[in-house]
Amino acid sequence: MKKNVFVLILVLFWSHCFSQETGGEFKPVDFPPNYTAQLNRIYTKVNDWEGKADLYVNLNSKTPTPVIINIHGGGWNKGVKESQTGFNTFFKAGYAVVNMEYRLSQQATAPAAIEDTRCMLVYLVEHAKDLNIDPKKIVIMGGSAGGHLALMGGLLGNDRRFDHNCMTSKDLRVAAIIDKYGITDVYDWSFGKLKSKSALQWLGSKIVDKEFIKSVSPINFVTKNSPPVFIVHGDADPTVPYQQSVDLYRKLQEMGVDSQFISVSGGLHGKFDQEKNREINTAIITFLSKYVN
């Protein structure tokens, strides 16, 4: 009897581990019949780590399609791409979707996740023809830590400081950035009112290097030439200070960058009701239609 119980526990344990590794606990992405799914495509390699992404592309479109890169959140220390499934808004608008993973803090500290984000961008530009996507119509989007990475990936433009793993001579400017309650000032998130442990873990040994922390904070990369930025943030967010988005939007406006800020009254950290999410999705597509058509 004891042996049988032990075997059952062992089976359940390994089933759980397999589920965690493969994302099996998440339902698959529902994509249109004219799209092709290319799952776990390797977009970069760093030592023994393989960066993978799920690509949903329309190879039969008569013209190259716009594409949106989606980056999951999780404080740079948790989360999987398989948790991201709600892309119907973008499929209906004719976008290809690229859902990427990146190195978490346990695998590599800052700026590794930024490097991976930039590698994803490079991969799409270099493989645009094969994937039938338009390299001039790349949008980058993320929530929370993913919002931070989307901002860094897009605001860097052709600044190559984090591109040593994936060098290219091609233009890396994105068409627009969608920032959902992302971290904009890493120093403030590390040492400000919240003192996030996630930020301290991600920075690792760089925690004492104020100049480095500035170099991984999106708010310091806003210029008059920055791409358009759409921001959404709940004003009751207990995880990433609402003020971070307020400050980013103010700087974008001061620099004359086309931007939009949806403030969700009483909104927590991305926990918005269904009606508000529909409203946000509609606003995002409307915003993007001015730059991606």
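Which residue in β2 does V46 stand opposite?

Modeller: Happy to! V46 stands opposite W49 in β2. A word on the basis: this is a predicted model, where local features need pLDDT of at least 70, side-chain atom pairs count only at pLDDT 80 or more, and totals for chains, interfaces and linings use all residues. Residues are numbered from 1 along each chain as its sequence is written, and side-chain values use heavy atoms, with hydrogens and water left out.

Strands β1 (residues 36-46) and β2 (residues 49-57) run antiparallel, joined by 8 bridges. Strands here are DSSP runs (E, at least two residues), as helices are (H or I, at least four), numbered from the N terminus; two strands pair if DSSP finds at least two bridges between them. T36 has V57 as its bridge partner in β2. In the hairpin, 2 residues lie between the strands, and N47 takes a positive phi near 55 degrees.

The open sheet has 8 strands with mixed pairing, in the order β1-β2-β4-β3-β5-β6-β7-β8. Because β1 and β8 (259-264) each have a single partner strand, one side of each is left without a neighbour in the sheet.

Helix α3 (residues 112-126) packs on the sheet, touching strands including β1 and β2; contact means heavy atoms within 4.5 Å. The direction of α3 makes about 125 degrees with that of β1, using axes fitted to C-alpha atoms, for helices over the stretch in contact, with angles from 0 to 180 degrees between N-to-C directions.
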